[in-house]
Amino acid sequence: MIWYGCDYNPEQWDAATIDEDLRLMREAGVNLVTLGVFAWAFIEPAPGEYRFEWLDDLIDRLGEAGIAVDLATASASTPAWLGDLDPELASIDGYGRRRSGGTRGHHCPSSAVYRSASRRLTAELARRYALNPTVVMWHSGNEFGGAAACFCGRCRTQFVGWLRRRYVELEALNDAWGTAFWSLRFGSWDQIQPPGVTSDFGNPAQYLDWARFRSDLLLEQFTAERDLIKAVAPHAQVMTNFMGLFHGLDYWKWARAEDLVTDDTYPDPNDPCGARDNALHIDLMRSLAEGKELLILEQAVGAVQWRDVNTPKRPGQFRLWSMQAVARGAQGICQFQWRASIRGAETFHSGMVGHAGPVGPRWAEVVGLGGELATIETAVGDRVESDVAIMLDWNSLWARREAHGPDADAPDVELRRWHAAFFELGIPTDFVSVDSDLDAYRLLVLPSHFLVSESTAQRISAFVTAGGHVVGTHLTGVVDDTLGVHRGGYPGPLSELFGVRVLEHWPLAEIASPASGAARISAAVAPPHPGRLVRGDGVGELAYARFAEHVQLLDLERRAEAVAAFVGGDLEAAPAITSRTHGAGRATYLAASLEEASLIATAGRLAADAGIVPTLPGLPPGIEAVRRGRYLFLLNHGDLEQTVDVTSARVADPGDGRVRVAPRDVRIIALASA
Ligand SMILES: [Zn+2]
């Protein structure tokens, strides 16, 4: 069964509207609602005074209507009275200024008053509802990490405690943070501050540990709430909603603390790459779930309200992107929110019921999708089989972000580009952590995997020795766990595997037009210029931009081979793509950030070399094909009707082997049983 539903915030509505809501939810096929995410002030209007009657009544009525409840711990937005109990409740920014209340998530996560009050509320909710059969899952907090960080004295104390547990000895911290540079050495733990706004560059390693600490600090709140619920109902399903490839939390750690994984996904209808973004979200969440249930917990039926321009989804796109999520592993499609608010910060965020009421094509789409999802027989165990794995480690993203160089690109740019290349090729991909099991994969991609520890390098080498193919790109293996550079050349502990040593990074600037001819000397000067093309016998000419590296082949017994070399410029003839074989295994290094067409061609070639083929061959423009469990999903993201040849798939009822898919339509085709 697939969950279908929404956030439901009845505290905004009168009794007659709630009556209508329950009737309309049945009409729409809703079978799951999330209750109480922002309802703390209504459940506990004054300290210790609980008002459960409205929740009792609503949960009863939802249960009678056959609608299950995902009950929130309501700790994401604090009631005004909590500020009376703790005048320092509001968080402190990096300049040391206290933020205003009047929003959600403004509390300091280290406030003892917040911690005890939120946990007391969770305990009360668990005591009352954890054994209620209508409550099938629990929703801790909301979008943890989304609120700005707090730099107050209490958070400083927590940070120092975290550091003492990590390093034990102060000298170990001084070493790890490289405090020999700029005379930053600490003589006592009390001298350490959270990295707020500084007068010059902050210490990168300090920021890296702050990011780790902050993820752990918030995880402590999640696990405390989870454990209070499980103390009453050990088999309760507890989660919180993730935000895709969000940089604030180490989602591997978080997902492993959860019973299921849920995500909020808001691709931009104005972005032609919206479907690609949605695919990345779902692939990431499926990977994080590691076999557990995955739900889309929030998406928009039409428009959101938080971009500069909030264009609604095109006709059919709500269903299309929902089915894309199901195809890629989701067992639930839920929306924020049931009824569009008429007041408050998210008034213009669409709902399943819009401001105009349950009318028009949008409502028809809502009802239609509910009916259709009820007919799809997917199960949690129905996997999307992927031969390609992309390694993702939040420590590496943070290290790259905080490193002050060699360029200012976002730390996940290359990772997104490689996922996109496989998406366009129609080849399914998983994400893996540094300690995931790699045995199931044929091709492992390290897209600018900046931080590589010795132990990670050993696991990658073992994967290649066992016959796996690995591809590493520029800016891989630059630093260790503490943001200390690997000496002897990048990619550090992977150098021998790839058979290369990186001598120098060459990030590319947009080249300014030369000074006028009257500037006799300056007009004659060219900026650093490594060329824009690489060329090789087997790969032809490939274009690159943004980043290059000066690479040298290591003088090993079995040397790596230069598959392509730089053409023209300062890196003329230096290796640009290298390959080193290890029995059946292969390690390919890319010293240039390939432009999109060249990247897609290269990803396709590397996949083919590893024996990987797309889900269906020869797919027409706009068509995404995904196989999950007993279904083949054909999704047409384009504006033209397309015909798809499915003769290579084991279709249960093959007919003439051709399936027509209308614009923004989805065809779900049963496969023959194995
Ligand atoms: Zn704080």
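Helices (H or I, at least four residues) and strands (E, at least two) are DSSP runs here, numbered from the N terminus. With that convention, take residues 622–669: the span is 0% helix and 50% strand, and its end C-alpha atoms lie 18 Å apart. A UniProt annotation from an unreviewed entry, "domain: Beta-galactosidase C-terminal", covers these residues. UniProt positions are given in the numbering used here, feature names are shortened, and annotations may be inferred rather than shown by experiment.

Some ground rules. This is a predicted model, in which local features need pLDDT of at least 70 and side-chain atom pairs count only at pLDDT 80 or more, while totals for chains, interfaces and linings use all residues. Residues are numbered from 1 along each chain as its sequence is written, and side-chain values use heavy atoms, with hydrogens and water left out.

Now the zinc ion. Which protein residues are its donors? They are Cys 108, Cys 150, Cys 152 and Cys 155, each through SG, lying 2.3 Å from the ion. Donors are N, O and S atoms within 2.8 Å of the metal (3.2 Å for Na, K and Ca); water is not among the atoms, so sites may look incomplete. The angles among the four donor atoms are 103 to 116°, and the site is tetrahedral (for four donors, all angles between 85 and 135 degrees). Along the chain the donors follow the spacing C-x41-C-x1-C-x2-C. Cys 108 and Cys 150 link distant parts of the chain, 42 residues apart: Cys 108 is in the loop between helices H4 (80–85) and H5 (112–129), and Cys 150 in the loop between strand S4 (135–139) and helix H6 (153–167).

Are these two cysteines buried or exposed? Cys 108 is buried, because its relative accessible area is 0%, and Cys 150 also counts as buried, at 4%. Buried means under 20% relative accessible area, exposed over 50%, partly exposed in between (1.4 Å probe, protein chains only).

Helix H5 also holds Arg 127, which counts as exposed at 57% relative accessibility.

Last, some backbone geometry. Most residues other than glycine have a negative phi, and most peptide bonds are trans. Ser 183 has a positive phi, near 60°, and sits in the loop between helices H7 (170–176) and H8 (204–232). Glu 290 has a positive phi near 45° and counts as partly exposed, at 43% relative accessibility. A cis peptide bond joins Phe 336 and Gln 337, with omega about -5°. Another cis bond joins Tyr 490 and Pro 491, with omega about 0°.

Notes
Four donors count as tetrahedral if all angles lie between 85 and 135 degrees; four count as square planar and six as octahedral if opposite donors are over 155 degrees apart and all others between 65 and 115; anything else is irregular.
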